[in-house]
Each structure stands twice: as structure tokens, then as C-alpha cells.
Amino acid sequence: MIEIPLQQPCYDEAEIASAARVIRAQGGIGGGRVCAEVEAEFRCALQVGHVFLTTSGSHALEISMMALEIGAGDEVILPSFTFSSCANAIVLRGATPVFADVQPRLMTLDPLDVARKVTARTRAIMPVHYSGIACDMEALQKLSEDSGVPLIEDAAQAVFARYRERFLGTIGQLGCLSFHHTKNLGCGEGGALLTNDDTLAAKAEIIREKGTNRSAFLRGQVDKYTWVRVGSSYVLSDVLAAILQQQLAKQSWIKSKRAEHWLFYRHRFDELEKAGLIELPETLPEVTPNYHLFVVFTKNATARDLVISRLRSAGIGATFHYIPLHSSPFGSTLGAPQELPVTDDYAARLIRLPLYPTLSDADRARVADAFVAAVTEYA
Ligand SMILES: *Cc1c(COP(=O)(O)O)cnc(C)c1O
């Protein structure tokens with residue numbers, strides 16, 4: 001039985017009261033006043049021009065594809081080491097995902113491999129800030145400027161993480177956040193689309209409202225609302241926005257608790273790394289993580305599986321992560337077989353350890369002790 005889970009949301013009376021207030025008010029509980037308030041709070045906190053709360057991070061990615069008018073014959077470059085949602089957003093538009101390799105240990109998009117894969121058909125590049133650690137945004141922005149191809153940042157795991165002084169999700173033309181209950185800030189299911197581009201924002205607003213100009217109508221800018229382009233139903237409920245509002249209010253506490261645990265593991269495992277038994281994530285000076293995941297790599301896949309099963313039998317919810325999309329049952333049917341050596345190698349050796357704000361010091365020590373013992377035995 002798992003006694004220390006991999007992750008745990010941190011809701012308390014504040015979230016309960018906030019959701020109850022919306023329900024008791026008996027008004028509309030769709031995307032209304034609370035959504036608008038939370039969007040304004042995020043615009044201010046993240047210093048970004050436009051924030052659209054959405055029903056999920058996956059849906060924010062889908063809106064991005066539509067706002068950029070990506071369709072059949074177009075290619076989008078993304079890491080293979082990511083969640084299916086990234087590739088689904090592309091395939092749903094009839095476009096082709098082109099998988100690029102990642103950088104060792106960081107598991108973030110390798111700009112050199114992206115550069116090799118840019119063609120005349122490339123319509124977007126999708127950096128995924130895995131584990132809340134930024135991709136090499138300087139190199140990717142340079143590539144984007146040189147090629148004229150926009151960046152859609154998948155910052156689903158990276159809310160309030162930074163690259164230099166800027167928050168992730170606000171650097172590319174479009175950025176996507178997730179508020180799934182496993183993320184740093186959660187409301188069960190939810191997401192956000194971020195942009196500083198007014199034209200893309202105008203499109204996103206319509207796409208999110210089933211392809212209608214209802215938002216302009218509610219502002220009194222048009223006298224009736226109607227279907228003006230393709231879109232879908234992506235507006236977040238006010239009940240969920242009310243929960244998210246409370247999570248946003250405690251984001252700096254959430255991040256600092258996570259940082260504490262993350263740094264504890266990092267220091268505790270230093271010796272194992274020096275002994276060549278494991279590899280730990282790199283910490284680059286221009287990157288400020290949000291400590292979403294604690295990720296570590298064993299020497300080989302066999303050691304990884306043994307360490308995970310030892311931890312799980314000790315009641316610790318350690319686990320691996322993505323099967324790279326290019327070798328997944330569906331991904332492997334899309335286009336030619338791909339050579340992604342870093343992805344294949346590192347994905348097979350990756351372990352995630354329990355990390356959440358309410359993790360107790362005693363449980364954290366139990367995880368660390370069990371991990372050190374298992375690695376020493378098997379690696
Ligand atoms: C969670 C996640 C998503 C999808 O977010 P949902 O809100 O669950 O739809 C997309 N990309 C990455 C990298 C994620 O971790």
C-alpha cells in the first residue's frame with residue numbers, strides 16, 4: 001500500500017468556502033465574474049497582457065493551434081518526451097507532430113535538434129518546460145526569430161517558474177498553463193492560455209466561446225452574438241475559478257514548501273551523484289524552477305525498475321514518467337521512425353519521488369533514506 005503518495009493537492013477550508021460562495025450566490029456558475037477576477041490576478045502576477053482561463057491545459061494547447069490557424073500540411077516541432085496532450089492538439093488540427101530530442105538530465109527541448117527539424121512547413125515550435133524547469137529559451141527564441149516560427153510554450157508544469165526575469169508561458173507568442181489537481185496550483189481540471197499578442201488574444205477569446213463573439217457582446221461592443229469562426233467550449237466554471245483563486249493566493253507558500261523538499265533531496269543525494277550512481281537535474285543560473293517534480297536518473301533501466309519496485313514495496317509512491325511519444329502505440333504510427341537517443345536513454349532511467357507542499361519532514365526523510373538504500377544496493 002502506498003503511504004507516501006507521489007503528489008497531493010493542498011486544498012483547505014479556503015477553497016471549500018470560496019467554491020461554496022459561488023454556488024450559494026445562485027448566479028451563473030459558468031465563466032463569469034470570478035473567472036474575470038482570477039484572470040486579472042494572473043495578468044498582474046505573471047506580468048502578461050492577456051490571460052484566458054480554460055477547461056484544461058490540453059484545451060489551452062488546442063486553442064493555441066486554432067489561434068495560429070495551424071492545419072493540414074503544417075508541422076509543429078515538440079519534444080517526444082511529453083504528455084499526449086501536446087501531440088493531440090497538433091493531430092486534432094490535421095497537422096503533423098515532428099518530435100525533437102531533449103537535453104540530457106533537464107529533459108527539455110534541444111534547440112540544436114529543433115534547428116535540424118525546421119522545414120518550410122514548420123508552423124510552430126512547442127517548448128515544454130518539463131518538471132517546472134525552463135527550456136533554453138534564449139536559443140529557442142533566437143531560432144524562432146530567425147525562422148519566423150512562433151513558440152507555443154507548454155508551461156503546464158511550470159506556473160510561476162522563470163527564465164531570467166520572465167515567467168514561463170509569457171515568453172513565447174502563446175503559453176499554456178494547467179491547473180489539473182496534480183500541478184502546483186490546481187482546481188481539479190483547468191488551464192490558462194497566456195499571450196502578449198493582441199491579435200492572437202482576440203482570436204482566442206472567440207475560439208474559447210464556441211467560435212462566437214459572445215465576449216464582445218457581453219462588453220456591449222456588438223448588439224447580437226453569432227458564430228464567427230471555428231471554436232469550442234473552453235470556458236472554465238466560476239466554481240473552479242473560485243478554488244483556483246485560493247490556490248493563487250497561496251502560491252508563494254506552495255512554491256517555497258516545494259523548494260524546501262526539492263533542495264533537501266538534491267543535497268541528500270549529492271554523494272550518490274559524486275559516486276557516479278545517479279544523475280541529478282542540472283541547475284542553470286538563468287533558470288528559476290517552480291519545483292514541480294523531483295526527478296533523478298539511475299545508471300540503467302534495470303536499476304531504475306528495481307529501485308522503483310523497492311520504494312513502492314516500502315509504501316513510497318515513486319514512479320517513472322512518459323513513454324516517449326515517438327515510441328508510443330499511436331505516436332509510432334505517425335511518420336517515419338525517429339532517432340531520439342537522449343530521449344530514449346534518459347526516459348528509461350528516470351524516477352520521480354514524492355513532492356508536495358504538505359509532505360512532512362519525517363516522510364521526506366523516509367523517502368530519502370529508502371532511496372539511498374535502494375540505489376546503493378542496485379545501482
Ligand atoms: C498536465 C500537462 C498537460 C495537460 O494539462 P491538463 O490540464 O491535464 O489538460 C499538458 N502538458 C504537460 C507537459 C502537462 O504536464
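This is a predicted model: local features need pLDDT of at least 70, side-chain atom pairs count only at pLDDT 80 or more; totals for chains, interfaces and linings use all residues.
**Stop 1: strand β12 and its partners**

Select residues 294–298, which make up strand β12. To see one of the pairings, pick Ile278, whose bridge partner in β12 is Thr298.

Next, bring in residues 350–353. This is strand β13, and its pairing with β12 is also antiparallel, over four bridges. Here you can find Phe297 standing opposite Leu350 of β13.

Show the side chains of β12 too. Phe294, Val296 and Thr298 point one way, while Val295 and Phe297 point the other way.

**Stop 2**

Step back to Tyr291, in the loop between β11 (287–288) and β12. Tyr291 is not a glycine, yet its phi is positive, at about 60°. With a relative accessibility of 15%, Tyr291 counts as buried.

**Stop 2: another positive phi**

Jump to Arg164, in the loop between β6 (162–163) and β7 (166–167). Arg164 is again a residue other than glycine with a positive phi, near 50°. Its relative accessible area is 38%, so Arg164 is partly exposed.

**Stop 3: the largest nonpolar core**

Select Phe42, Leu53, Phe179 and Leu185. Within the largest nonpolar core, which has 50 residues, these four touch the most other members. Elements that each supply at least two residues to this core include α1 (13–24), α2 (33–46), β1 (50–54) and α9 (238–249). Which of the elements gives the most? That is α9, with six residues.

Now center on Leu185. Leaving aside residues up to four places away in sequence, Leu185 touches several others, among them Phe42, Val159, Phe160, Leu244, Leu248 and Ile254.

There is a second, separate core as well, with 31 residues, including Met66, Leu68, Cys86 and Ala204.

**Stop 4: two packed helices**

Finish with α3 (residues 57–67) and α4 (residues 84–92). These helices pack at an angle of about 35°, their axes 9 Å apart, and their crossing is right-handed. Show Ser58, Leu61, Glu62 and Met65 from α3, which meet Ser85, Cys86, Ala89, Ile90 and Leu92 from α4. What kinds of residues form this contact? Six are nonpolar, two polar and one charged.

Note on methods: Residues are numbered from 1 along each chain as its sequence is written. Side-chain values use heavy atoms; hydrogens and water are left out. A nonpolar core is a set of buried Ala, Val, Leu, Ile, Met, Phe, Trp, Tyr and Cys residues joined through side-chain atoms within 4.5 Å. Buried means under 20% relative accessible area, exposed over 50%, partly exposed in between (1.4 Å probe, protein chains only). Contact means heavy atoms within 4.5 Å. Axes are lines fitted to C-alpha atoms, for helices over the stretch in contact, and angles run from 0 to 180 degrees between N-to-C directions. A crossing is left-handed if the near helix is turned anticlockwise from the far one by less than a right angle, and right-handed if clockwise. Ala, Val, Leu, Ile, Met, Phe, Trp, Tyr, Cys and Pro count as nonpolar, Asp, Glu, Lys and Arg as charged, and the others, Gly among them, as polar. Two strands pair if DSSP finds at least two bridges between them.
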